[in-house]
Amino acid sequence: MARKDQPLIRRLPVISHLNKSVGLQRGMLVAGIVITALFLITALFAPLIAPYGYSQRFPVSQEPPSGAHIWGTTAGGYDVFSRTIWGAQTAVYVIVVAVLLSIFIGVALGLVSGYLGGWLDRILVVVADAIYAFPTLLLAIVMSIAISRGQSSMWGGIFSAAISITVVFIPQYFRVIRAETIRLKAEPFVESAMVVGASSVRIMARHIYKNATRTLPLIFTLNASEAILTLAALGFLGFGIEPSSAAEWGYDLNHAQTDATAGIWWTGVFPGAAIVLTVLGLTLLGESMNDLNDPRLRGRRRAGKAPRTAPTAPAPLPADAALTKEVAS
Amino acid sequence: MTTLIEAPPEDGELLPLKKSKSGGGLGKYLLIRFLLIFPTIFILVTLVFFLMRITGDPITAALGDRLPPDQLAQRIHEAGYDRPVLVQYFEYLGQIATGNFGRTISDNLLVTDMLATYGAATLELAINALVVALVVGIPLGMLAAYKRDKWPDAVLRVVAILFYATPVFFAGLLLKLVFSVGLGWLPVAGRAKTANEIALNQLASPTGIYWLDALRSGNMAALGDVAQHAVLPAIALGLLTGGVFLRLVRTNVIGTLNKDYVEAGRSRGVSEYRLVTKHAYKPALIPIITVMGLQIALLLGGAVLTETTFEWKGLGFQLAHYLTARDFVAVQGIVALLAVIVALTNFIVDVVAALIDPRVRY
């Protein structure tokens with residue numbers, strides 16, 4: 001599926017999608033790229049942008065926006081602007097750790113399960129389905145308590161949030177990769193590798209892995225936004241990172257709830273807007289990429305189960321290859 | 001919140017067709033599907049059981065800083081929390097198999113009573129939110145499909161993403177700022193005024209669903225009060241789900257608008273409006289109904305946050321409380337109930353899908 005005739009830069013996920021897009025679609029993609037870039041830059045340069053530290057406290061509490069504190073201060077005396085900026089950094093850490101962990105585990109399980117089949121496959125599918133169907137937030141809460149027992153340092157908090165999110169994501173990666181693996185298993189190039197005598201590990205690692213992971217960039221973007229929402233929800237419910245360890249938008253919003261009742265809007269509106277904007281950007285990006293890819297590969301409930309009939313059914317269409325070529329040309 | 005990748009099946013033709021070999025295919029499928037409910041519940045209950053044991057024990061959580069270590073150990077021993085985890089696990093399995101869920105540790109309620117009381121509040125919230133979601137999602141989704149790739153479609157798609165991107169607690173905060181604090185129209189939190197709450201709870205055999213109780217007792221003042229309290233939570237949670245419905249309806253109506261029979265209708269001179277509302281809409285509903293059933297997990301997860309935001313004393317609100325108290329028994333009871341709800345909904349959804357569409361079979 002690699003279109004080797006084009007230079008590498010044009011084949012990179014986001015850039016190749018930008019080339020394929022037209023009109024409105026392109027507008028949404030560009031908006032997504034801009035907001036996401038803004039988010040990443042904020043996270044990267046947080047120490048330079050934020051005037052104060054995230055755990056720096058001031059004697060002025062609940063002060064409305066002013067010259068010294070452009071977005072005001074919270075009841076605890078934190079500077080709202082600084083904490084919102086630092087929050088981007090925490091979010092990036094959590095996304096990276098969570099998504100890397102879940103890709104690593106989910107892809108490995110999906111490959112093995114889809115390729116080997118049999119009872120292992122059945123068990124893994126039932127377990128993944130059970131976890132997938134359950135409200136993800138509840139699982140993440142229980143996980144985060146189990147890991148951190150309620151109190152957490154910065155990296156401890158980041159890892160416990162990330163691992164809690166990972167548990168929820170693994171079934172998703174598992175499903176997508178497993179479905180792809182089963183489809184690819186019936187392709188001639190895998191059969192010829194078997195005939196030549198390649199080992200199962202080699203077939204999985206070389207032939208299937210490369211083809212099955214083609215859709216990962218877009219799952220990555222969609223899951224990044226989910227990771228932010230889950231992190232914020234954990235923080236909001238009080239199972240997240242302590243304010244002295246790192247800035248976290250959900251925690252700030254939790255404490256802003258009582259402020260809101262008293263008409264103090266600045267403590268909640270800014271971190272909340274940061275969440276909305278970041279998730280919006282990531283979702284626009286992921287959505288546009290999704291629409292530009294093969295719609296058939298979008299995760300759906302029965303996608304993984306249907307190909308079980310593959311031996312009797314006609315060989316699945318190599319539709320994705322055809323489609324990508326068609327769109328790319 | 002796995003909704004965004006959960007795109008509905010756009011086109012049945014892409015699924016490999018498989019005819020059932022005999023007339024018993026459907027019955028067998030339904031049976032297997034029914035039996036799958038049990039491992040689902042079993043896996044979730046087991047998972048939560050062991051995760052909760054890692055978190056510590058309720059006695060340390062409640063009294064850890066007030067009792068000397070030896071007395072603490074004594075109490076833990078009396079409660080049986082120092083026994084091997086596997087022993088406790090099998091004892092627990094035995095109990096729930098006989099329908100005995102025990103009593104909550106922190107407030108000594110029968111778990112079944114606790115579930116019934118708070119479950120009714122959550123059910124009320126879920127129904128209200130579902131109504132908002134349907135009222136918002138379906139017409140807007142049809143509009144977006146009708147105006148496909150024009151600016152109203154683009155605006156609506158961004159709106160749908162915004163609904164999804166806004167955490168319930170932030171939506172709640174904004175709603176409170178505008179409608180409760182700013183305009184002073186609606187109450188900030190709770191399910192009813194204290195006086196009304198007491199009145200409704202004192203009814204003979206209350207359902208726990210306040211508007212229903214108020215209607216039955218003919219207490220119109222209480223009904224108005226309950227309705228006022230219900231508006232903001234219903235909107236906060238309903239818009240989240242409504243955004244998902246909007247996308248679903250849009251994708252599916254666009255899918256059916258491309259079908260031959262719609263094209264045939266168009267060539268006969270049927271208006272575009274009528275094509276969307278009559279021809280394309282109903283067939284598009286089938287996948288929508290099945291996917292909507294799957295949104296129950298999103299709705300329940302959102303309910304936890306909504307209830308905490310608005311101090312709506314339902315299962316989600318209580319769950320956060322019980323988790324902090326490490327009340328194993330209560331948390332396991334709530335999780336078991338949610339697992340049953342989720343597993344049953346998924347089963348019903350699959351059955352409906354199988355009955356409607358003969359291509360859906362194992």
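Author: Let's start with chain A. Its secondary structure comes to 14 helices and 0 strands. This is a predicted model.

Reader: In what order do the elements of chain A run from the N terminus on?
Author: They go α-α-α-α-α-α-α-α-α-α-α-α-α-α.

Reader: And what share of the residues of chain A counts as buried?
Author: 57% of its 329 residues. The accessible surface of chain A is about 13,200 Å². Carbon and sulfur atoms hold 68% of that surface.

Reader: What about contacts in chain A between residues at least 6 apart in sequence: what percentage joins residues at least 24 apart?
Author: 73% of them.

Reader: Let's zoom in. Where is Thr181(A) found?
Author: In helix α8 of chain A, which covers residues 154-185.

Reader: Is Thr181(A) buried or exposed?
Author: Buried. Its relative accessible area is 0%. That counts as buried because the cut-off is under 20%.

Reader: Which backbone oxygen lies 2.6 Å from a polar atom of the Thr181(A) side chain?
Author: The one of Ile177(A).

Reader: OK, switch to chain B. How many helices and strands does the secondary structure of chain B come to?
Author: 16 helices and 0 strands. Chain B has 362 residues, and 50% of them are buried.

Reader: Which residues are buried in helix α1 of chain B?
Author: Gly25(B), Tyr29(B) and Arg33(B) are buried there, in a helix of residues 25-35. Seen down the axis of α1(B), the buried residues fall within an arc of 60 degrees, so they line one face of the helix.

Reader: Which residues are exposed on the other side of α1(B)?
Author: Lys28(B) and Leu31(B).

Reader: Now the inside. How many residues does the largest nonpolar core have?
Author: 134. Those with the most contacts inside this core are Ile141(A), Ile228(A), Val253(B) and Leu323(B). Domain 1 (21-106 + 325-362) and domain 2 (114-322) of chain B both give residues to the core, so it lies between them.

Reader: Take Val253(B). What does it touch, not counting residues up to four places away in sequence?
Author: Met142(B), Ala145(B), Val276(B), Ala280(B) and Ala284(B). There is also a second, separate core of 10 residues. It includes Ile41(B), Val45(B), Tyr89(B) and Tyr92(B).

Reader: New topic. Where does Thr122(B) lie?
Author: In helix α6 of chain B, residues 111-146. Thr122(B) is buried, with a relative accessible area of 7%.

Reader: What does Thr122(B) touch, leaving out residues up to four places away in sequence?
Author: Ala303(B), Glu307(B), Trp312(B), Gly314(B), Leu315(B) and Gly316(B).

Reader: Last one. What phi does Glu311(B) have?
Author: A positive one, about 45 degrees, although Glu311(B) is not a glycine. Its place is in the loop between α14 (296-309) and α15 (315-324) of chain B. Glu311(B) is partly exposed, at a relative accessible area of 43%.

Note on methods: Residues are numbered from 1 along each chain as its sequence is written. Chains are lettered from A and ligands numbered from 1 in the order in which they are written. This is a predicted model: local features need pLDDT of at least 70, side-chain atom pairs count only at pLDDT 80 or more; totals for chains, interfaces and linings use all residues. Side-chain values use heavy atoms; hydrogens and water are left out. Helices (H or I, at least four residues) and strands (E, at least two) are DSSP runs, numbered from the N terminus. Buried means under 20% relative accessible area, exposed over 50%, partly exposed in between (1.4 Å probe, protein chains only). A polar contact is a pair of N or O atoms within 3.5 Å; within protein, one must be able to donate a hydrogen and the other to accept it, and residues adjacent in sequence count only if both atoms are side-chain atoms. The arc is that of the directions from the helix axis to the C-beta atoms. Contact means heavy atoms within 4.5 Å. Accessible areas come from the Shrake-Rupley method with a 1.4 Å probe; for residues, only the protein chains shown count as cover. A nonpolar core is a set of buried Ala, Val, Leu, Ile, Met, Phe, Trp, Tyr and Cys residues joined through side-chain atoms within 4.5 Å. Domain bounds come from an automatic or database domain assignment.
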